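These are my notebook entries on one structure. I put down what I looked up, entry by entry.

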Protein chains: 2
Amino acid sequence: MTTIDSIGEFGLIDRIRTATETPQQPGTIRGIGDDAAVFALNDTEYGLISTDMLLEGIHFDLTYTPLKHLGYKAVAVNVSDIAAMNGLPTQITVSLGLSSRFTVEAVDELYAGIRAACAAYKVDLVGGDTTASRSGLVISVSVLGTVPKDRITYRNTAQPNDVVCVTGDLGAAYLGLQLLEREKQEYLANPDMQPSLSEERAYLMQRQLRPDARTDIVHELRDLDITPTAMIDISDGLSSEILHLCRQSGTGVVLFDENIPIDDQAHLAATEFGISALTAALNGGEDYELLFTVRPQAFEALKNHARITAIGYLTADPAQTILATRAGQQTRLRAQGWGGTGA
Amino acid sequence: MTTIDSIGEFGLIDRIRTATETPQQPGTIRGIGDDAAVFALNDTEYGLISTDMLLEGIHFDLTYTPLKHLGYKAVAVNVSDIAAMNGLPTQITVSLGLSSRFTVEAVDELYAGIRAACAAYKVDLVGGDTTASRSGLVISVSVLGTVPKDRITYRNTAQPNDVVCVTGDLGAAYLGLQLLEREKQEYLANPDMQPSLSEERAYLMQRQLRPDARTDIVHELRDLDITPTAMIDISDGLSSEILHLCRQSGTGVVLFDENIPIDDQAHLAATEFGISALTAALNGGEDYELLFTVRPQAFEALKNHARITAIGYLTADPAQTILATRAGQQTRLRAQGWGGTGA
């Protein structure tokens, strides 16, 4: 008897992948092991499919999660997997497990968020399944997408000397979760209190409750005619994701801590909680930004981009996975989730 | 506040479909409302996608469901939706929510069944998601498939005078469930007892625990160059499914009760339980046979087929939905599930 905890989620996925047979279908281009699976579509494009499941009590807490935001997030986290292949989403299916406490109006709220996300990402809701649940809300979304064959971007094709880039900023979703959890505890201790969540904290909470997928970056990279050498989305924290990319590409990495983009609100909240904003950025997860690598010459066209930051470079030695400080100190990157809500 | 029970699962699906916008993607051919959604693939074929979620305590009971069978069934019920479009499956994704009582060995068993089904239906397992669950086992499968454009078969394209056909036999899965539930109650009352499930009952239990999708029929219809005018799979019981097909096609129907194929074992078990085998066939569900209609002239080529039975014909009057007995009695068809485990 082996507990799942003893091998971990990634151990389990490796076990499933290893035991999976050689493809039987000529249309299967790439299976388990990237952000999305790849299948034959037509002469110029590949098809993409990805799926994510969100469970009440594991991935979200309905005491502070508006259902409309949750519906939006369920779509966005799936779209993010398509963006991570340098693709754009086309259709989604949504399956819901609903316990008896959910009303039709609650389901309407959830779908209002799902539809808002469909409009934002130009995807069509084409199917799904609804069923009773004995145990809270279950949301399972699958997303289809397409990508031109010459633009598809895997995790395992980065090369030494590539520049490592991230979009947006990191750590805010994790700090937003801390704020929401603190409010919940205070509310439980004193139900008469007024919420103290200030306007300034809106950004952090929005990053946690209603994240967006970076399809904008996919469009911009196409406009600039840049195809990353490798890409992955940041769902489990920067450390974990860059280590996936390096392991699958057979490279090492040097990241510079001072380059990692962190929003001012995240710095302030981290100080308030007495934790490191850098640690939140490295291990917090749920930012749904894109982490990608480009050849040094391609980076020229990106270096003044407002929403793309170079944070390091890849090396030829797979054993070298390092975070360097301005002072010259080096620490080893570790994939240590904080046991957050990582979707 | 409106309870979901008050509008029912189909009411909820109608509500979701009605509120769903016009497709934004030119590649979306058909959305919610059939066994699978249809998307643009290439010059000669359409792509198909369908999804089904199975929840512990709602769709299966692990006291008598072997995990290997459950894995097989989770794939088969999805493949059945592709077969119902006259298509063949190509890839699946599997998402699992696992509570802490599941061991790695238990997950291996589940995947052994998933892989057995993948081999049987020639589909590739290309992705998925695994996550902790606070509440038992959650299995969400999505399946991709393809169908030649000139063979795609919807639910809403049947015509008056079409012959109504079913594959295999009906009601056995429901009676298998009754046997398993009875054994469970007897075991709970007396844990020392020996199971009395006889060899002869193996067929009924297999129909419940490890059903197969009728991709064989899809192949045979192609070999015979017959394309049904409409098709649906029987997951919720014959009555419910024929009423869907008629409502969406704008036709009525006359079914002949004596023609409905019921296995001898199902007749015997029904007698033992003191229930009507015909009612089990009409309302039991989970048989995963195909219900389809063909033009009268096309039926000539099927009339001696061992696994296809003509059970009635369609009429022009949508209000006429009738079950006729040999004695000439007519009763109205009703979509009354038995509150079973209908996936």
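The entries below go from the interface to the cysteines and then to the salt bridges.

**Ground rules.** I am working with a predicted model, in which local features need pLDDT of at least 70 and side-chain atom pairs count only at pLDDT 80 or more, while totals for chains, interfaces and linings use all residues. Residues are numbered from 1 along each chain as its sequence is written, chains are lettered from A and ligands numbered from 1 in the order in which they are written, and side-chain values use heavy atoms, with hydrogens and water left out.

**Entry: the interface.** I looked up the contact (heavy atoms within 4.5 Å) between the two chains, and it takes 71 residues from chain B and 71 residues from chain A. The buried area is about 5800 Å², with 60% of it on carbon and sulfur atoms; this is the accessible area (1.4 Å probe) that two parts lose on being put together, summed over both.

I then looked for salt bridges, meaning a side-chain nitrogen of Lys or Arg within 4 Å of a carboxyl oxygen of Asp or Glu. The rule finds two across the interface of chain B and chain A. I noted B:Arg15 with A:Asp108, whose closest N and O atoms are 2.5 Å apart.

Next I asked which elements give two or more residues to the side of chain B that touches chain A. Among them are helix H1 (4-19), helix H3 (104-121) and strand S5 (124-132) of chain B; helices (H or I, at least four residues) and strands (E, at least two) are DSSP runs, numbered from the N terminus. S5(B) gives the most, with nine residues.

Entry: For B:Cys246, the nearest cysteine sulfur is that of B:Cys165, 13 Å away. B:Cys246 is buried, at a relative accessible area of 2%; buried means under 20%, exposed over 50%, and partly exposed in between (1.4 Å probe, protein chains only). B:Cys118 is buried too, at 6%.

**Entry: salt bridges over all chains.** The count by this rule comes to 38.

- A:Asp225 and A:Arg151 have their closest N and O atoms 2.7 Å apart. They sit in two loops of chain A, 74 residues apart. A:Asp225 is exposed at 57% relative accessible area, but A:Arg151 is buried at 15%.
- B:Glu272 and B:Arg182 come to 2.9 Å between their closest N and O atoms. The pair links helix H8 (residues 264-273) with helix H4 (residues 172-189) of chain B, 90 residues apart. B:Glu272 is partly exposed at 41%, and B:Arg182 is partly exposed at 26%.
- B:Glu258 and B:Arg326 have 2.8 Å between their closest N and O atoms. Both lie in loops of chain B, so the pair ties together parts that are 68 residues apart in sequence. B:Glu258 is partly exposed at 43%, whereas B:Arg326 is exposed at 71%.

I also found a network of salt bridges that links A:Arg207, A:Arg214, A:Asp216, A:Glu220, A:Glu289 and A:Arg307.

**Entry: B:Arg214.** Where is B:Arg214 found? It is in the loop between helix H5 (202-209) and helix H6 (215-223) of chain B. B:Arg214 counts as buried, at 13% relative accessibility. Not counting residues up to four places away in sequence, I listed what B:Arg214 touches, including B:Thr167, B:Tyr288, B:Glu289 and B:Arg307.

Notes
A disulfide is a pair of cysteine sulfur atoms within 2.5 Å.
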